[in-house]
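Reader: Please take me through this structure. I will ask what stands behind each term.

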Amino acid sequence: MARSRSGTRGRRGPRKPPRRPGNFTPGAVSVVDPSERGAIELPSTITVKELADLLGVNPADIIRELIKSGIFATINQLIDRDTASLVAEELGYEVAEANAVAATSDDEDGSGTPAEATKEVLFEEADDENLVARAPIVTVMGHVDHGKTSLLDAIRSTTVASGERGGITQHIGASEVTTKDGKRVVFLDTPGHEAFTSMRARGARVTDIAVIVVAADDGVMPQTLEAISHAKAAKVPLVIAMNKIDKPDSNPDRVRTELAEAGVVVEDYGGDTPLVPVSAKTRVGIDELLEMILLVADLQELKANPKREAVGTVIEAQLDKGRGPVATTVVQTGTLRVGDVVVAGNTFGKVKALETAAGTRVSKAGPASAVVVLGLADVPEAGDILRVVADEKVARAQVESRRNEQAAREGAGSSRATLEDLYRQIQAGQAKELRIILKADVSGSLGAITHALQQLDSDEVKINVLLEAAGDITDNDIMLATASNAIVVGFNTAITDTARRAAEAEGVDVRLYDIIYKLTDDIRAALGGLLEPEIVEVVEGRAEVRQIFRVGKSTVIAGCYVTDGRIVRHGGVRVYRGGKVVATDRIDSLRRFRDDVREVASNFECGIGLAGYNDLVEGDIIECFTSQTRSRVIG
């Protein structure tokens, strides 16, 4: 975090007595006065509320100390042990040295922390002595029918693909492979990048490496581009598996060129992305692909602590008629054992049994293991974080608290990124980049818009275009925006109905433009905190001129009948004659009989006097409109 504990104790003055407001009642943790207790043991991660309960202070005091250190946290946000130690010592408590105490905090991502940060906090290890190398967790993605599952079939020497409808993956599966030299690799076979991003949207970042499968005879396709964009947004290393090289019409050079055009420069072309030619049919290149995956994993130095309580991610879950709720889970750190009490999303339970992907019962599962968990009370959702807790009482309290928080968030609305909020985030030091998903009618427009946006980068915030593609704004774009806390910008394109509903449900900011400078002006205004509310015209109603009355030499009053809506005094008007606008003016006087009125509703007669136009004739249509100021809205 922002500050380090090393060397701080010698420079700090005498401890201050802890703040203990009289109206504060600690939670479930019993509180002892600092003078009567020894050094406090802190887990590797703890929420602000749990730390407040442990110390017996108001959570606001914890948040205040964090702000002094430049850390902006909510009551349910996780902080690491070093940060918690500094806060505790500032409040007068002595903290024990780091040990192998396992994390007991419950919040998986309830604070709205971006998925990239969440993984680092959730799976941070406190004891270097117990860290051991773990197997990489690999997600396989790519365009439909490019051979994702067939490739895994060749790797696992199974017949998964032949048993699925149409040869297309119908669900998420997790499996483990042991190489010839005894090293393990965990593979996630997904229906596509949608499931990958759905898990990220829920705070999970289970993948260490993304293998993008590209058919050598088909090249880079739209879903390939989306898969690459989603993997890049998750900041996951890429390995390109160029499949079907055994086909006569395969064209490897075309694939490399199209990848370069998509921003993925392979090593053959001087880039840093590995590309391995393979054939799932003939098994050519399979060993080389596994070696490359292990090499990329070695560069990441993947480690975990098997001695702590387990933390993992639910990959898929369903209700089995014979066994009840079952959840396929990848354990990412710690060891999960039969009999452990676990919390997963909004449900909990005691682990009754663990099964491997092959159906074998096991008593425990260590880091980077894929197992089926039996014993949960309800079916969790894919992407839920599964973690071991002390007992069922703690599990029940955490689930109840989580449900209440979820209901409160839903009632309060979404906290997704919007241009209106960006300036405030910059001022608070929270926003470092504005993430944009860009869709346009044709690919030719994308380069010009991207170049224009890049010119708007500033020292305070950078613009990061996660995805640029031609076509309508779809559900996949909204899903990526949800997972990445991005806004969606469309140029000369439309948004599908399902995508619009998804955007409204998730609170994703979607903006449509037909002029480039308007697009860039909005982004520039947002970056400067100058985004002005827009002025919109609202048509209030229409009236038909039935009779003309002349008052004096120059004043004309039109006797009108309001055909729809309403006519309002001092509103703007357009005068239509023969379907064409002949004048634009404003209402100077509005009367019902002899009385001045503010408005006249539909199906009533009235007298209208305009401020400057006196050439009204019978049969004219007067359209009344007003200008209103409102904040920018989605779409």
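Reader: What makes a residue count as buried, and what share of the 635 residues does?
Author: Buried means under 20% relative accessible area, exposed over 50%, partly exposed in between, with a 1.4 Å probe and protein chains only. By that cut-off, 50% of the 635 residues are buried. The model is predicted: local features need pLDDT of at least 70, side-chain atom pairs count only at pLDDT 80 or more, and totals for chains, interfaces and linings use all residues. Residues are numbered from 1 along each chain as its sequence is written, and side-chain values use heavy atoms, without hydrogens and water.

Reader: How do you know how many helices and strands there are?
Author: They are DSSP runs, numbered from the N terminus: helices are H or I, at least four residues, and strands are E, at least two. On that basis the protein has 15 helices and 31 strands.

Reader: Why do E22 and E23 count as paired?
Author: Pairing requires at least two bridges found by DSSP. Four bridges join E22 (residues 487-491) to E23, so the two strands pair. They run parallel. Valine 489 stands opposite arginine 511 in E23.

Reader: What is the strand order in the open sheet, and which strands are the edges?
Author: The order is E21-E20-E22-E23, with parallel pairing. The edges are E21 (462-470) and E23 (510-513), as each pairs on one side only.

Reader: Which helix lies across these strands, and at what angle to E20?
Author: Helix H13 (residues 475-484) lies across E20 (433-440), E21, E22 and E23, at about 175° to E20. Angles run from 0 to 180 degrees between N-to-C directions, with axes fitted to C-alpha atoms, for helices over the stretch in contact. Contact means heavy atoms within 4.5 Å.
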